[in-house]
Amino acid sequence: MSQSSTQNSPGASPLDPQGPMQADSPTNYSSPDDASQSVDSTVHNFQEENGRTYHGYRAGSYLYPNDSNERDRLDLQHVMLKHAFKDRNHFAPLKNPQRILDIGTGTGIWVMEMARDEFPNAQIHGTDLSPIQPTDVYDNVHFFIDDASEEDWAVEPASYDYIHTRVLLGSFGDFRDIIRKSFYYTKPGGYMESQEIFPTPFCDDGTMPDDWPFLEWSKYFDQAATMAGRPVRMAHKLKRWYEEAGFVDVQEKIIRMPINPWTKDKHSKTLGKMSEANLIDGLGAFTLGPFSRMFGWNSTEIEVYLVNVRRAVSDRHVHAYMKVYVVWGRKPKTSKKSGSSS
Ligand SMILES: C[S@@+](CC[C@H](N)C(=O)[O-])C[C@H]1O[C@@H](n2cnc3c(N)ncnc32)[C@H](O)[C@@H]1O
C-alpha cells in the first residue's frame with residue numbers, strides 16, 4: 001500500500017425483473033496528469049448546515065453530505081449493491097484493462113476492491129469533490145479531487161479502458177454530459193458502465209397505497225432535486241443516452257431491490273434488509289439539503305416529516321421495490337463520433 005493524495009421461469013429468483021416477487025409473511029489532490037498542481041484551499045473547508053457537513057470545493061454543487069455518517073452509509077450501500085449484483089463490481093466484459101476511472105468515487109471503496117481483487121495490474125483513478133477517500137492505498141490506486149462537470153478532465157483523450165459511475169443520481173444537471181465526456185476519454189474498444197438506482201417505489205400486487213408516505217417522499221424528493229437542477233430520475237434513460245453518445249453493444253440490466261425484507265427468497269430478503277437499513281440511515285442525508293434549500297423546511301420540520309416516512313419504509317405489508325439499473329457499452333474502434341470534452 002502507498003500513501004495517496006487522497007433472470008426467467010416462474011418462481012425464478014425475484015431479482016429476475018420478469019419473474020414474480022413472492023411475499024413472505026409480514027414479520028491529495030491534483031489533476032491526474034499534473035501532480036504538481038496546488039491543492040485548492042477550499043477542498044478541506046467543509047460547509048456546515050443543519051448539523052451535517054458538505055463539500056467545500058465547488059461548494060453547493062452536490063446536495064448531499066460528506067460526513068462520517070454519510071461515509072459509513074456509502075460503504076454499506078456498496079455492500080448492498082454488491083449483494084444485488086451477486087458479488088460483481090462490474091458487468092462490462094473487461095479484458096486486462098490498463099487504466100480505469102471511477103467518477104464520483106465517494107469513499108473509494110469500489111476502486112480499492114477493483115485494485116486489490118480484480119485488476120492489480122491496472123492503474124485505477126477515482127475522482128470526487130470531497131476528499132473522503134483513504135490515504136493508505138494500493139500502489140495502483142490514485143484519488144483526485146476533480147469536478148467531473150468541468151469540460152477538461154486533465155487527461156489525454158482516449159485515456160481509459162473503462163470508466164465507471166455508480167449512484168450519481170442528483171449529482172449533475174445533465175448526466176448526458178458525463179456520458180459524452182466519458183466517450184471522449186475512453187479508448188476505442190474500451191467500456192463505460194453506470195450503476196444507478198431509480199428512486200421511485202414500484203409495487204406489483206396492489207399493497208402500496210397511493211398515499212404511502214415513502215411514495216409521497218419520493219415525489220417530493222424528485223421535485224426538490226429537479227428544482228435544484230440536479231435531477232434524480234435518470235437511470236431508465238441511460239441506455240438511450242449511451243447509444244446517442246456513440247457507445248455500441250449497449251446492455252441494460254434491471255434488478256428489483258425490495259424496500260425492506262418483505263420477500264420470501266433468501267437472497268432478495270437479505271437485499272431488502274440492506275435496502276431498509278440504507279434508507280432508514282440515508283433518509284436524513286437525502287432530505288435535509290434538498291428540502292431545506294428548495295422548500296425552505298427547517299431541520300425540525302424535516303425530522304418530524306421523516307418519522308412516518310421511515311415507518312413506511314419498514315412496513316412489511318407494503319410489497320414495494322426500487323429498480324437498480326446497470327448499463328454498459330463499448331466505444332467502437334472506429335467511429336464517426338469522436339465525442340468531445342465540451
Ligand atoms: C452517492 S455518492 C456515490 C459514491 C460512489 N460512486 C459509490 O457508489 O459509493 C455520489 C458521489 O459523487 C460525488 N460527486 C457529486 N458531484 C460531483 C462532481 N461534479 N464531480 C465529481 N464528483 C462528484 C459526491 O461528492 C459523492 O461522493
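How do β10 and strand β11 pair, and over how many bridges? They pair in the antiparallel sense over 9 bridges; two strands count as paired if DSSP finds at least two bridges between them. This is a predicted model: local features need pLDDT of at least 70, side-chain atom pairs count only at pLDDT 80 or more, and totals for chains, interfaces and linings use all residues. Residues are numbered from 1 along each chain as its sequence is written.

**View 1. Seven strands in an open sheet.** The 7 strands run in the order β7-β5-β4-β8-β9-β11-β10, with mixed pairing. Strands (E, at least two residues) and helices (H or I, at least four) are DSSP runs numbered from the N terminus. At the edges sit β7 (141–145) and β10 (248–258), each pairing on one side only. Look also for P258, opposite Y321 in β11.

**View 2. Helix α4 meets helix α6.** Helix α4 (residues 213–227) packs on helix α6 (residues 266–295) at about 60°, with axes 9 Å apart. Axes are lines fitted to C-alpha atoms, for helices over the stretch in contact, and angles run from 0 to 180 degrees between N-to-C directions. Among the residues that meet are Y220 and F221 in α4 and F286 and P290 in α6; contact means C-beta atoms, placed from the backbone, within 7 Å.

**View 3. Around the ligand.** Here 20 residues surround the ligand, and the closest are G104, G106, A148, R166 and S171. A residue belongs here if its C-beta atom, placed from the backbone, lies within 6 Å. Two elements give two or more residues to this shell: α1 (68–84) and β5 (123–128).

Conventions
Two residues are in contact if their C-beta atoms, placed from the backbone, lie within 7 Å.
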